[in-house]
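Here are my notes after a first pass through the model.

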Protein chains: 2
Amino acid sequence: MDDYLSSVDDAVADLAQDRGRLGRSSTAERVADILRDRISEGFFEPGQRLSEEAISEALGVSRNTLREAFRLLGHERLLDHRLNRGVFVRVLSAEDVADLYRVRRVLEGAAVRRPPSKQALELIAEAVADAERAAAADDWQAVGTANIRFHQALVTANQSPRLDEAMRQLLAELRLVFHVMANPRDFHEPFVQRNRRLFDLLQDGRLDEAATFLDGYLDEAEQLLIRAYEPNR
Amino acid sequence: MDDYLSSVDDAVADLAQDRGRLGRSSTAERVADILRDRISEGFFEPGQRLSEEAISEALGVSRNTLREAFRLLGHERLLDHRLNRGVFVRVLSAEDVADLYRVRRVLEGAAVRRPPSKQALELIAEAVADAERAAAADDWQAVGTANIRFHQALVTANQSPRLDEAMRQLLAELRLVFHVMANPRDFHEPFVQRNRRLFDLLQDGRLDEAATFLDGYLDEAEQLLIRAYEPNR
DNA sequence: CTTGTCGAATTGTTCAACGATCCTTACGTT
DNA sequence: AACGTAAGGATCGTTGAACAATTCGACAAG
């Protein structure tokens, strides 16, 4: 009987993992999801103003609800809310890009310096493989998203939900900038090999080497980005 | 005449620094400020429900505006927004506390490992002095806020606005927990000396020592907190 | 070319209303 | 005693309309 009870308890405990999915749905949040996707895919361009009237009508929600969605995205730094002037898709300055890479060095650097869990290694390996596969297929858009997943997986090694969330937001912000890269191949291709190399270092437990390798990696990515970005300010 | 023009230009350029203060005031944000203060001072206790009707009436704003404020604080993790049930002052679990300290180790650890700027050192020195002064005056509440300023100043060394902001949020979240400490003196006193010691190490450029010292520091703070916190769950 | 003024357009905020959801209580069933 | 159901009240989610406040561009005056 003890067995029976404990197995039930186990099942219930497992179930608790899905609890997160229950509460998740309010119109405002769903609207925010839609807008977030549109922004990160480049449908709304940085600097563009999002009219309350036009969008609320287009999505069939009231202005008040739309404004709640705007607030959410504003806090994620995807939208810029200027009083009495409306909300605009965020325009990142070169300093913003530099700051984002400063944060990446801290977040990813800390992750790389600690022995990764088996789970984390698996996630990282998957992302590397996906990137290589996409590169072989000349699908550079897919390479880009796989690269992003790679770095997200890296941060996972910190075992911290809050750092994961911070990284998620950071990468969403960075996507605002990726669209300025005229040729996505030039930007994403060089890093596919490096991802593989970084993964190998991590797997072999050569953490110090991984850390310095990562620093060089991020330096170059930042410079590539800023060089392509600085002109049109 | 050139001189005249350029001096005017300079004056105008200076003025641009104050631009940030212009936009900053909407009713919703001011309401959020009020509520944030009330929460961090313990007026609203963790777990308490904040009624839209009661608070909107008390503050003399509409429910819609209040909801915008709630969204803001929800994103700062100070409020817990449960669909159709209202907003509650966030209740941190022991895992939350552990995670917060994980993030602190990353943020403060990275800061301590890089040579601090003169400005940063100054901010840190001020916080240390304030804490010592308050400790001498037996004002343990003030010691607590000075300690918080100390750690905020530490992170300043990262030279990253986003990390500063992350630290600000993190500390606001931690304040939710500080109120469970029955005797603030026991919690804050041991760290006044350590702040001084950490400052000395930084000033002398003994960064590695500072880093390991900080790790021990954070470990102890975390355990103190969790020990006082775990029981009442 | 700068400054003042006016009006259209948009946002900020409020209000009232209605449906949807949750909580509580009570009642009946097994 | 544990569980399923039902009813009612309270609160939230969302809407639509309304008005004040603010911005912005145009146009006239100096």
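1. Aromatic pairs. Counting over all chains of this predicted model, the total comes to eight aromatic pairs. As for solvent, both Phe178(B) and Phe187(B) are buried. Over in chain A, ring pairs tie Phe178(A), Phe187(A), Phe191(A) and Tyr217(A) together into a cluster.

2. H10 against H11 in chain B. Helix H10 covers residues 184–203 of chain B and helix H11 covers residues 207–229. Their axes sit 9 Å apart and the packing angle is about 170°. An angle over 145 degrees counts as roughly antiparallel, so that is the label for H10(B) and H11(B).

3. H7 against H8 in chain B. How do the axes of these two helices cross? Helix H7 (residues 118–136) and helix H8 (residues 140–156) of chain B have axes that come within 8 Å and cross at roughly 165°. H7(B) and H8(B) are therefore roughly antiparallel to each other too. The handedness is left: H7(B) passes H8(B) in a left-handed crossing. If you want to look at side chains, H7(B) brings Leu123(B), Ile124(B), Ala127(B), Val128(B) and Ala131(B), among others, and H8(B) answers with a set including Trp140(B), Val143(B), Ala146(B), Phe150(B) and Leu154(B). Glu126(B) and Asp130(B) in H7(B) and Arg149(B) in H8(B) also take part. By class, the contact of H7(B) with H8(B) splits into 15 nonpolar, two polar and three charged residues.

4. A closer look at Ala120(B). This residue is part of helix H7 of chain B. Is Ala120(B) buried or exposed? Its relative accessibility is 1%, so Ala120(B) counts as buried, the cut-off being under 20%. Setting aside neighbours within four places in sequence, Ala120(B) is in contact with Thr156(B) and Ala157(B). Ala120(B) and Thr156(B) are 36 residues apart in sequence, yet their C-alpha atoms are 6.1 Å apart in space.

5. Glu68(A), worth a click. Glu68(A) sits in helix H5 of chain A, which spans residues 63–75. Its relative accessibility comes out at 8%, and Glu68(A) therefore counts as buried. What does Glu68(A) touch, not counting residues up to four places away in sequence? The list is Ala28(A) from chain A, plus Arg67(B) and Arg71(B) from chain B.

6. Chain A overall. Chain A has 11 helices and three strands. Along the sequence the order reads α-α-α-β-α-α-β-β-α-α-α-α-α-α. Of its 233 residues, 43% are buried. For contacts in chain A with a separation of 6 or more, residues 24 or more positions apart account for 72%.

Conventions. Residues are numbered from 1 along each chain as its sequence is written. Chains are lettered from A and ligands numbered from 1 in the order in which they are written. This is a predicted model: local features need pLDDT of at least 70, side-chain atom pairs count only at pLDDT 80 or more; totals for chains, interfaces and linings use all residues. Side-chain values use heavy atoms; hydrogens and water are left out. Axes are lines fitted to C-alpha atoms, for helices over the stretch in contact, and angles run from 0 to 180 degrees between N-to-C directions. Helices (H or I, at least four residues) and strands (E, at least two) are DSSP runs, numbered from the N terminus. Angles under 35 degrees count as roughly parallel, over 145 as roughly antiparallel, 65 to 115 as roughly perpendicular and the rest as oblique. A crossing is left-handed if the near helix is turned anticlockwise from the far one by less than a right angle, and right-handed if clockwise. Contact means heavy atoms within 4.5 Å. Ala, Val, Leu, Ile, Met, Phe, Trp, Tyr, Cys and Pro count as nonpolar, Asp, Glu, Lys and Arg as charged, and the others, Gly among them, as polar. Buried means under 20% relative accessible area, exposed over 50%, partly exposed in between (1.4 Å probe, protein chains only). Rings of Phe, Tyr and Trp (its six-membered ring) pair if their centres lie within 6.5 Å; planes under 30 degrees apart count as stacked, over 60 as edge-to-face and the rest as tilted.
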